[in-house]
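Subject: Structure handover

Dear colleague,

Here is the structure I said I would pass on. My notes on it follow below.

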Amino acid sequence: MSKPKSLSFHVSGMHCASCSVNIQRALRKTPGVTEANVNYNNEQAYVKFDEQVATTEQLAQAVKKVGYTAHLQSEHDHESGGHDHGADIAEEERTKQLSLLKKQLWVGGVLSGLLLITMLPKAPVWLMNPWVMLALATPVQFWAGWRFYQGAWSGLKNWTANMDTLVALGTSVAYFFSVFVTIFGDWLLKYQIPAHTYFETSSIIIFFILLGKFLEIRAKAKTSTAIKKLLELQVKTARMKHNGQWHEMPIEEVKVGDVLMVKPGEKIPVDGVIIAGESAIDESMVTGESLPVTKNKGDQVIGSTLNTSGTLELKATKVGEDTVLANIVRLVKEAQGSRPAIQNLVDVIASYFVPIVIVLALITFVVWLIWGPAPSFLFALVSMINVLIIACPCALGLATPTSLMVGIGQGAQNGILVKDAQALEIAAKVKAIVFDKTGTLTEGKTVVQNVAYLAGVKEKNLDQIVLSLETLSHHPLAQALVTFFTQKHPGLASKQVTNFKDHAGQGISGQVADQKILIGTETWLVKQKVSLDQTLLMQTKAWQTEAQTVSHLALNGQHLMSLGIADALKKDAPAVIAQLKKMKLTTVLVTGDNQATAQAVAKRLGITEIKAQVLPAEKEKIIRELREQYKHVAMVGDGINDAPALAAADVGIAMSGGTDVAIESAGVTLLRSDISLVPKALKLSQATMNNIKQNLFWAFAYNILLIPVAMGALYPGYQIQLSPILAGAAMAFSSVTVVFNALRLKTVRL
């Protein structure tokens with residue numbers, strides 16, 4: 001079997017959380033599909049399938065078969081870059097739905113309001129007429145409430161019951177019993193059966209549930225703002241060079257290798273490499289980095305970021321769905337559509353819940369019909385309607401996906417790209433965090449940390465000699481010395497060097513005029529009969545305890561200068577480690593450095609657990625050992641040579657600019673190389689999982705507490721029977737509460 005293809009697409013026609021379960025089941029039954037998740041909140045389906053077995057047409061057909069419409073992007077849409085037509089359709093549908101709901105609420109509200117007046121002691125006689133009440137209730141039942149019949153029928157066709165089934169059943173029982181009373185009222189009275197109608201009950205229940213649906217859809221629109229903001233960043237046109245002239249072209253026509261011009265104040269059209277010009281690029285829209293980044297010839301630029309100063313010419317390297325932004329949009333959508341393990345429990349409960357509720361409603365009816373107070377039939381009927389209405393599991397279905405959408409979207413806006421819901425869920429359980437050193441806790445490049453001179457020497461002259469020799473060296477530390485002295489003395493020219501020689505692992509030697517120069521280790525200089533200055537040596541001992549590599553310069557056999565070189569720690573690294581300790585997490589340093597260097601770095605950072613002299617291939621083994629000790633372990637690395645370890649960890653966090661290797665290996669990718677995002681990612685995980693648990697608690701608690709009340713549990717002791725109107729209001733309120741609780745994640749300080 002070939003590598004499964006991932007596909008995310010919009011699905012039209014979903015009425016409630018149970019609809020998503022029906023579509024999901026149909027997709028999973030399709031041959032070739034290895035994974036399928038459907039998110040009711042953002043109306044997105046995420047499917048993994050084998051292209052050799054299944055086609056996109058078959059996926060669309062599977063969705064159509066259960067009564068819904070799949071909007072699959074065409075090849076042109078994919079090539080054009082991720083303009084999301086599914087998102088456009090979803091937005092259009094949401095607008096239409098809200099417009100229709102407003103009309104239904106106005107009409108339903110007015111008609112239900114008139115029906116409510118009939119419950120008042122001095123209601124107008126004409127309004128109390130059952131035929132007038134029937135005329136008022138019918139548009140509410142079959143126009144405003146039509147969506148519930150559609151949803152129930154869709155479930156029935158698929159041999160499932162859903163929230164709409166309960167609403168349709170409950171309101172239909174109230175409505176059709178009232179119709180029967182209206183037509184056969186005299187006959188009922190003849191047999192001393194109270195001829196009471198429940199038109200106001202069915203109408204008000206539909207009104208309250210529609211009001212809840214309206215508020216829910218409006219709130220859900222806010223949960224998808226992360227994707228919307230990212231899509232708004234996409235550039236529509238590009239200035240392309242053609243036959244020596246610059247032309248404004250649609251972004252869809254840009255191909256890899258095309259030369260583009262970007263003027264100050266314009267957005268970079270696609271990912272590319274600068275071939276001419278220099279500018280400061282504001283990448284905050286994609287990476288979250290607040291300060292503009294200076295870019296020169298040869299530097300990579302990200303599509304949709306803002307060119308703030310100079311004019312640039314660049315060569316397109318990635319276009320369409322291959323760009324960083326398109327990848328981020330795709331990953332965020334896939335993550336929002338993925339499922340944490342906790343959702344499986346919810347799905348199992350929900351699949352049994354509706355049938356159980358229907359059985360409970362029937363039991364309630366029979367029990368009160370036999371033992372209920374007079375008139376027992378009406379008491380039994382009202383209690384059954386209460387159970388059907390109040391037990392709608394909509395809040396249960398919304399609890400997890402709503403929080404995930406908001407949490408993952410919040411992460412994307414802060415430069416934290418969560419690959420899937422499982423990573424977000426497990427990150428909340430992490431007890432230990434393993435850090436790679438180079439490029440993660442350190443800058444990943446050596447810099448000169450300290451320079452000491454023998455008293456009375458001409459410092460600039462010695463600096464020039466070091467620059468002259470190190471320019472000729474290929475040693476990894478040479479570039480750090482050249483950069484340091486070039487910046488210290490701008491325009492300083494190198495002197496002519498003769499007899500230059502590189503002594504592998506020891507140092508370099510050469511002559512400048514008649515002066516013999518040696519630059520190298522303490523051991524090598526001693527072998528060369530150089531008498532080392534004790535004052536300088538005392539200073540270098542302190543440098544070595546800070547993991548600095550020390551070199552010495554001798555001129556004609558005299559020790560005149562010492563240099564300390566090290567990979568600089570990221571400025572936020574010590575504060576981040578301290579923050580993680582406050583979160584009661586164990587931090588572990590894994591490095592290929594020797595024990596002494598590793599301990600020196602760990603000491604500066606405040607890390608107590610060290611794994612030194614570790615080869616890249618051994619990191620994965622260490623992660624597995626730590627998992628046995630701490631159960632849940634996160635690995636933070638640069639996402640390239642750490643790929644196996646990132647994959648082996650419970651949660652891999654890649655310090656990366658969104659490279660393919662990082663995204664493939666890690667569950668979480670940080671869109672900028674900012675180590676302070678690590679605790680933020682963990683806080684986001686904890687906040688999201690806490691929010692899901694709160695939602696599930698209230699959804700379960702609501703049903704556990706109110707179903708017995710609806711069944712009449714309070715009547716024997718307190719003579720209290722719940723009104724179906726209040727049951728409908730409570731059901732609508734529970735769904736809205738869950739959505740608004742999830743939206744609180746937007747206010748969480750990371």
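Rings of Phe, Tyr and Trp (its six-membered ring) pair if their centres lie within 6.5 Å; planes under 30 degrees apart count as stacked, over 60 as edge-to-face and the rest as tilted. The structure holds 15 aromatic pairs by that rule. This is a predicted model, in which local features need pLDDT of at least 70 and side-chain atom pairs count only at pLDDT 80 or more, while totals for chains, interfaces and linings use all residues. Residues are numbered from 1 along each chain as its sequence is written, and side-chain values use heavy atoms, with hydrogens and water left out.

Aromatic pairs

One of the pairs is Phe142 with Tyr149, which is stacked, at 5.8 Å centre to centre and 20 degrees between the planes. Trp368 and Tyr715 make an edge-to-face pair, because their ring centres are 6.0 Å apart and their planes stand at 80 degrees. Helices (H or I, at least four residues) and strands (E, at least two) are DSSP runs, numbered from the N terminus. Trp368 lies in helix 13 (residues 341-371) and Tyr715 in helix 28 (residues 715-718), so this pair ties together parts that are 347 residues apart in sequence.

For burial I use relative accessible area: buried is under 20%, exposed over 50%, and partly exposed in between (1.4 Å probe, protein chains only). Trp368 is buried at 11%, whereas Tyr715 is partly exposed at 21%. Phe142 is also partly exposed, at 32%. Phe142 and Tyr149 belong to one aromatic cluster with Trp146, Tyr175, Phe176 and Phe199.

Strands

Two strands pair if DSSP finds at least two bridges between them. Strand 1 (residues 5-12) has six of its eight residues buried, so the rest of the structure largely encloses it. Strand 1 pairs in the antiparallel sense with strand 3 (residues 44-49) over six bridges, and Lys5 stands opposite Phe49 there. Its pairing with strand 4 (residues 69-71) is antiparallel too, over three bridges, with Ser12 opposite Thr69.

Elsewhere, six strands form an open antiparallel sheet in the order 6-5-7-13-8-11. Its edges are strand 6 (245-250) and strand 11 (300-301), each of which pairs on one side only. Strand 11 is joined to strand 8 (residues 271-276) by two bridges in the antiparallel sense, and Gly272 stands opposite Val301.

Helices

In helix 2 (residues 56-65) the buried residues are Leu59, Ala62 and Val63. They fall within an arc of 95 degrees seen down the helix axis, so they line one face of the helix; the arc is that of the directions from the axis to the C-beta atoms. The face turned away from that buried side carries the exposed residues Glu57, Lys64 and Lys65. Gly67 follows helix 2 and has a positive phi, near 100 degrees.

Helix 29 (residues 724-743) has 14 of its 20 residues buried.

Lys570

Which loop holds Lys570? Lys570 sits between strand 21 (558-569) and helix 22 (573-582), and at 7% relative accessibility it counts as buried. A polar atom of the Lys570 side chain lies 3.4 Å from the backbone oxygen of Thr440. Contact here means heavy atoms within 4.5 Å. Leaving aside neighbours within four places in sequence, Lys570 is in contact with Gly439, Thr440, Leu441, Thr442, Glu443, Met655 and Ser673.

Regards

Terms used
A polar contact is a pair of N or O atoms within 3.5 Å; within protein, one must be able to donate a hydrogen and the other to accept it, and residues adjacent in sequence count only if both atoms are side-chain atoms.
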